[in-house]
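Hello,

Here is the structure you asked to have handed over. My notes on what was found in it follow below; please read them alongside the coordinates.

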Amino acid sequence: MASSYCCSRLLLQSQSWRLMLRFSPFLATSPPSSSLSFSSNCHVSSSAQLTTLQQQQQPLPRSSQLVALEYADLNLSHNLDLGHVRIRQHVNPLSSSLSVPAQVPEWNHAFADPTLPLMVDIGCGSGRFLMWLAKRTPKERNFLGLEIRQKIVKRAESWAKDLALDNVHFLFANATISFKQLVESYPGPLALVSILCPDPHFKKRHHKRRVLQKPLVDAIVDNLMPGGQVFTQSDVFEMALDMRNQFDEVETLKHIEVLNPSMLCDSEGWLLGNPMGIRTEREIHAEHEGAKIYRRLYQKPCPCQT
Ligand SMILES: C[S@@+](CC[C@H](N)C(=O)[O-])C[C@H]1O[C@@H](n2cnc3c(N)ncnc32)[C@H](O)[C@@H]1O
C-alpha cells in the first residue's frame with residue numbers, strides 16, 4: 001500500500017516535470033536527477049541496489065522550487081528593499097478597510113502606451129504570471145494585476161520596476177468592488193480577463209467573500225471588447241463550477257469548445273490544457289499534488305459573428 005502510494009507520487013511528480021519541460025524550454029537541460037528507472041538495476045546485489053536507490057531518491061523538488069524553476073528566466077531579485085515582509089495567507093474582502101474602491105491610476109504613468117489592448121488578472125497573487133506574459137509581448141498588450149494583499153502588490157511592483165517592464169502594472173484593489181471603475185477609465189480596449197484559482201471560501205456562509213459576484217460578471221461582460229475573452233480556472237471543482245455557472249448564464253458570451261486543433265475540451269466541457277503558455281503558481285502547486293485543473297474560456301463574439 002505504502003509503496004504503491006509512493007510510486008504514484010513519483011509518477012505524478014515525473015508528470016509535473018514533463019509538463020514543466022513542455023512549458024519551459026530553459027528547463028530542458030535540468031530534469032530532476034531522480035529518474036524513475038529503478039528496475040534497470042535488478043542485476044546488482046541488494047545492498048548495492050539500496051545504495052543506488054538512495055542515490056536515485058534524492059529529495060524530490062518541492063513545489064516552491066518548481067515555481068522558481070518555471071519562472072527562472074524572469075531572474076527575480078530576492079533582495080528587494082521592502083523591509084520585513086510578512087505576507088498574510090488570507091484577508092477578508094468584506095472588511096470595511098477593503099471595501100474602499102481603489103484609486104484609478106494615471107494610465108499614462110502605469111503603462112508606456114495606455115491605448116494597447118489590456119489583460120486584467122483578477123487575484124494575481126505574486127504577479128510572476130503576468131510579468132512572464134508582459135515580458136513576452138512588449139508593445140502588443142498591457143497587463144494589469146489586481147490583488148487584495150497589499151504587501152505582495154508592493155513586491156510585484158518592485159519586481160516589475162527591476163525588470164524595466166513598461167507594460168505591466170499591479171494595483172492593490174478589491175477586484176469585486178474596483179474592477180468596473182478601473183476598466184471603464186482605461187483608454188484602450190479590454191481584451192482578456194482571467195480569474196485563476198480564486199480563493200474558494202468553502203463554507204456556504206462565506207460564499208459572499210468569493211471574488212466573482214454578479215456585479216463583477218456584469219462589469220467584465222459590459223467592458224469586454226468584441227472578440228475579447230474571459231479565462232477561468234481552478235483546481236477546486238466546486239469553485240470552477242461556480243465560475244462556469246455564472247459565465248454560462250451570460251447570453252452575450254460564447255464558450256470556446258475548440259481553441260485550436262490541439263486545444264480541445266473534454267466531454268464535460270473543460271479545456272484540456274493551459275492556453276496561456278505558463279502555469280500560475282497555484283496551478284503548479286495543485287498539479288504537483290496531482291490535482292486536475294478545470295478551465296473554461298469564453299469569448300464575446302464580434303458583431304460580424306452574431
Ligand atoms: C489562491 S490565490 C491564486 C493566485 C494566482 N491567481 C494563482 O493562480 O497562483 C487567490 C488570490 O486572489 C487574491 N484575492 C482574493 N480575493 C480578492 C479580491 N476580492 N480582489 C483581489 N484579489 C483577491 C488573494 O489575495 C490571492 O492572492
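Buried residues make up 32% of the 306 residues in the chain. Please keep in mind that this is a predicted model. The chain has 10 helices and 9 strands. Of the contacts with a separation of 6 or more, 78% are between residues 24 or more positions apart.

A residue counts as buried here if 20 or more other C-beta atoms lie within 10 Å of its own.

Two strands pair with β9:

- β5 (residues 224-234) pairs with β9 in the antiparallel sense, over 6 bridges. In this pairing V230 stands opposite Y298 of β9.
- β6 (residues 254-255) also runs antiparallel to β9, with 2 bridges between them. Here K254 stands opposite Q299 of β9.

Now the ligand. It is surrounded by 20 residues, and the closest are G123, G125, C197, T280 and R282. The elements that give two or more residues to this shell are β2 (142-147), α7 (175-185) and α10 (281-288). Helix α10 supplies the largest share, 3 residues. By residue class, the shell around the ligand holds 9 nonpolar, 5 polar and 6 charged residues.

If you set up calculations on the ligand site, the residues to look up are those listed as closest: G123, G125, C197, T280 and R282.

Regards

Definitions and conventions: Residues numbered from 1 in each chain as written. Predicted model: local features only at pLDDT ≥ 70, side-chain atom pairs only at ≥ 80, totals over all residues. Near = placed C-beta within 6 Å. Helix = DSSP H or I, 4+ residues; strand = E, 2+ residues; numbered from the N terminus. Nonpolar A, V, L, I, M, F, W, Y, C, P; charged D, E, K, R; others polar. Buried ≥ 20, exposed ≤ 12 C-beta atoms within 10 Å, placed from the backbone. Contact = placed C-beta atoms within 7 Å. Pairing = 2+ DSSP bridges.
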